Structures are given as C-alpha cells and as structure tokens.
Amino acid sequence: MAHYGAKVVVPIDLKKKPWEQKHPLHNRWHPDIPVVAEVKDGEVFRVEMVDFSGGGITSDYSAEDVKHADQSIKKPWEQALPLHNRWHPEIPPVAHVKVSEVFRVEMVDWTGSVIKDDDSAADVKFIDLSTVHYLSGPIRVVDKKETPAMPGDLLAVEICNLGPLPGDEWGYTATFDRENGGGFLTDHFPCATKAIWYFEGIYAYSPHIPGVRFPGLTHPGIIGTAPSMELLNIWNEREREVEENGHKSLKLCEVLHSRPLANLPSTKGCHLGKIKKGTAEWEKIAKEAARTIPGRENGGNCDIKNLSRGSKIYLPVFVEGANLSTGDMHFSQGDGEVSFCGAIEMSGFLELKCEIIRGGMKEYLTPMGPTPLHVNPIFEIGPVEPRFSEWLVFEGISVDESGRQHFLDASVAYKRAVLNAIDYLSKFGYSKEQVYLLLSCCPCEGRISGIVDAPNAVATLAIPTAIFDQDIRPKAGKVPIGPRLVRKPDVLRCSYDGNLPTTKNPAASM
C-alpha cells in the first residue's frame with residue numbers, strides 16, 4: 001500500500017484567503033478558540049500554513065510557467081513544458097529567466113515514475129533504461145538587459161531551496177539486473193533489488209532496511225548546460241571509441257563489470273522536449289543527442305551529494321542562453337552512488353537563482369585537453385549538511401578479489417572498501433543486499449586517501465555510526481545477538497536469469 005509521508009491535518013489552499021480555508025486560520029491566542037483537528041500520540045502529521053501576511057505580500061516571476069508546471073501527475077512527454085532526456089544544442093528552451101530572479105523548477109524522478117511504491121522489484125528488473133534521465137528544461141538565461149548568456153561565459157547557479165514535491169514524499173533505492181544496467185558491484189549482486197524509503201521531515205526510513213534512520217542531504221543529481229555541436233561531437237567520438245574497443249584495451253573491464261562501457265546516441269526512448277517525434281528534425285537530433293548517464297564538461301550527472309541549499313554551481317556556457325537543465329532529484333546519497341540506481345531517488349523541486357559571469361570560462365577554467373572546450377564546472381558547497389561526530393571507516397587497496405595487484409587504481413581500491421563494509425555490516429543481522437543499497441544512499445563519505453604510494457591506491461569509506469539503532473563497533477566479545485538483529489523484511493528482489501559468472505571472494509564471510 002502506498003505511503004506518502006505524514007497525514008495532512010491542516011491543509012492550505014493557496015488560492016483562498018486565510019478565512020476561506022477548509023480549517024479557518026486564526027491570528028490570536030485564546031483558550032476558547034476551538035480545535036480544527038486531532039492527532040494521536042506518536043503519529044507523524046503535517047500542518048500547512050500561509051506566510052505571516054496571509055498572502056498579502058506577493059512576488060511576480062517571469063518564470064511563472066516553470067514555477068507552476070505540474071509534473072507530478074502526467075507522463076514526462078505529456079507535461080505542459082515537455083521534458084527531455086538527451087543533451088543537444090538544438091533542443092529548444094521551454095522557459096527563460098533573468099539573472100537575480102528566483103525561479104522554481106519541478107521535476108519527476110529520473111525514471112519518469114516507472115518505479116513504484118509497491119511490493120515488487122519487477123519494475124526495476126525490466127525497466128527500459130533508454131528513457132533515462134528525464135530532465136526539466138532547457139531554461140534560457142538572460143541578463144537584466146535581455147542579453148543572453150553567451151558561449152565563453154560562466155553561469156553561476158545558486159540553489160536557494162529544494163525538496164520533494166508536496167504529496168509525493170517517498171523515494172526508492174535499487175540495483176539493476178546485471179543484464180539491464182548493473183551497478184558498481186554487479187558481478188557480486190546480479191539481481192534486481194529495491195527498497196522503498198519514506199520521509200519524516202528531514203529524516204528517511206525504510207521498512208526494507210529496518211533499524212536505520214538518517215537525515216537526508218537533498219540535492220539534484222543532474223544540473224548542466226547544453227553542449228555546443230563541436231563539444232557534442234567530441235563526446236560521441238570518444239565514448240564510441242570506449243564502447244567499441246574498451247573491452248579489449250582496458251584492463252579495468254576485468255574487475256568492473258558494468259555494461260555497456262558507454263551509452264551511445266540512440267533514437268530508442270528519446271524525448272526532445274518541444275521537438276515532435278516523427279519529424280525530420282526529431283530524427284536528425286535523436287541520432288546525434290548524447291545520453292545523460294555520465295557527467296561531462298557541461299556538468300550533467302555529477303551526483304555530488306553535498307550540492308544542497310546554499311550551494312553554487314559555476315557552469316561553462318557553450319550555446320546562446322546557456323540552456324540550463326536539471327533533474328534526478330535525490331533525498332540522500334552516499335559518495336559514489338555505488339548501486340547505480342543508488343540514491344534515494346524521488347520527484348522534487350529546485351528554487352534557483354542565476355548570474356552570468358561574462359568571459360568567465362577563459363578567466364576561471366583551465367582547459368585540460370586539446371581544445372578550449374575541455375573544461376569542467378566548479379562547485380561551491382553550501383553550509384547545510386547533517387552533523388555526525390563518530391564514523392566507522394573501511395579501507396580498500398588496489399588489489400582485486402582474486403588477489404591480483406593493480407597499479408594505483410582508485411576504482412579497484414574503492415570497490416574493495418565497499419565490499420569490506422558490506423561484509424562487516426552483514427555480521428549485524430543485515431543481508432548483504434540491504435547493506436549494498438544502504439551504502440549507496442546513506443550519508444557515507446568516500447575518499448581517495450592515497451594515490452602516490454605505488455603500487456597501491458588507498459580508498460576509504462566512512463559510515464556514520466549514529467544512523468544505526470545498535471552499536472556497530474568491534475568489541476572484545478562476539479557480535480551481539482538478539483531479536484533486534486533479525487532484519488526482516490529484506491529488500492525486494494527478483495531472480496537473476498542470466499548466465500554471467502558471479503565474482504566470489506573466497507575468504508569473506510557467507
């Protein structure tokens with residue numbers, strides 16, 4: 001049965017005056033003012049309210065069409081401002097905003113509401129990944145004189161506020177089937193799994209991973225500007241080389257088993273916003289447009305978990321107007337988002353403010369490649385984050401499960417750190433699938449601790465101990481046992497029906 005956060009006991013209709021509400025408001029204290037609702041002890045409930053002036057103070061936004069776009073009910077392609085799931089310079093903007101103007105962008109979850117709050121992981125197993133990620137935008141940015149952002153500028157985007165869409169306060173974490181998406185540890189965990197999370201204010205809990213509760217650091221997984229045609233061609237050329245020849249040339253493919261190595265342009269599942277499917281224009285752009293899976297020079301799918309309220313993103317501008325897009329909202333995420341569908345994925349909103357730094361790319365960004373386009377954004381992390389004081393830290397080195405040495409490979413080292421953490425926490429009553437999903441979405445901290453001491457790179461994964469309802473530290477006695485350690489139900493899961501071999505760590509616990 002679906003559960004969407006707290007019960008609303010005092011609703012607010014923003015179109016009505018304070019005295020016209022279903023439960024009329026009051027603006028005095030007196031013992032004889034009658035109650036308008038009742039709640040039970042221990043029950044989470046929601047109270048909505050107007051601002052202190054009762055709506056008397058208003059503000060006008062030129063991005064009003066973006067602010068009030070209802071994207072929580074209709075399909076992505078049915079929205080008043082159609083969504084898109086590709087990067088291309090010719091996808092037209094759906095709205096425009098001026099610098100210094102605070103505007104609101106609403107978005108569906110990254111799958112377009114394919115994943116449901118139910119008792120099955122079949123939706124995860126059989127999802128069509130050609131359709132992700134659904135993005136809101138593009139949004140054209142102009143200065144106060146109506147002059148658009150231009151190639152070579154920097155677009156400074158401030159996150160003023162963000163959160164889940166009202167009435168849709170839930171999310172999910174999942175692992176894809178190895179034959180359909182996989183994940184960082186897909187050779188160890190080939191089955192599709194899913195855990196549902198519910199929100200209580202800033203906190204998240206899951207009936208599928210009992211005994212854990214933590215504050216979320218909500219953030220957009222994707223925020224970026226449109227590429228120029230020159231940059232798009234660079235992306236497609238280098239990623240096609242990896243996909244076509246990487247299996248033979250890259251030794252890391254023997255240790256990391258996510259496939260494909262790159263998601264190349266495809267007309268399947270393609271949505272291009274206002275461009276109508278079936279037209280010659282749509283066919284041309286769909287064959288060229290880049291998938292949204294990786295982060296690139298334009299920002300995109302960077303999955304920086306600390307990019308929350310008060311943060312700023314300094315994005316390079318490659319096309320006139322910048323054409324800003326965003327999506328893939330996360331209630332919480334662990335560093336690395338290791339399960340791939342690995343944050344607490346949700347629908348949500350962002351309230352943003354932009355500034356244009358003229359000529360900022362040349363002034364502040366140093367190209368790391370053969371062209372001036374080979375740059376990367378700068379991120380300024382905001383002041384809001386959960387406070388944890390005690391951590392359990394797991395180390396990994398660049399030696400794989402077979403015992404083979406790799407040279408300063410941080411990916412192998414991080415894989416070892418995550419596997420070490422999973423094996424350890426499974427001693428406390430959790431299935432390894434539960435821990436894998438948890439480490440992908442809880443506020444854990446990943447670090448490259450050493451990258452110069454050949455031959456071993458050293459990576460660490462730090463887990464805040466306060467998120468558990470039991471003490472998970474090593475002790476002189478054995479691991480405690482008791483009814484609290486029976487972690488049922490487990491995550492939702494499907495069978496793996498493929499024939500690819502599963503990697504075994506022969507010395508690890510079963």
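Visitor: Which element supplies the largest share of the lining of the second largest pocket?
Guide: This is a predicted model: local features need pLDDT of at least 70, side-chain atom pairs count only at pLDDT 80 or more, and totals for chains, interfaces and linings use all residues. Residues are numbered from 1 along each chain as its sequence is written, and side-chain values use heavy atoms, without hydrogens and water. A pocket is an open set of points on a 1 Å grid over the protein atoms alone, where a 1.4 Å probe fits, with protein on both sides within 12 Å along at least five of seven lines; lining residues have an atom within 4 Å of a point. The largest share, three residues, comes from helix 3.

Visitor: Which elements each supply at least two residues of that lining?
Guide: Helices (H or I, at least four residues) and strands (E, at least two) are DSSP runs, numbered from the N terminus. Three elements qualify: helix 3 (229-249), strand 16 (340-345) and helix 6.

Visitor: Which residues lie nearest the centre of the second largest pocket?
Guide: The lining has 40 residues. Nearest the centre lie Ser258, Pro260, Leu261, Ile293 and Phe340.

Visitor: Over how many bridges do strand 19 and strand 21 pair?
Guide: Glu395 stands opposite Thr460 in strand 21. Strand 21 covers residues 458-464. Its antiparallel pairing with strand 19 runs over seven bridges.

Methods. Two strands pair if DSSP finds at least two bridges between them.
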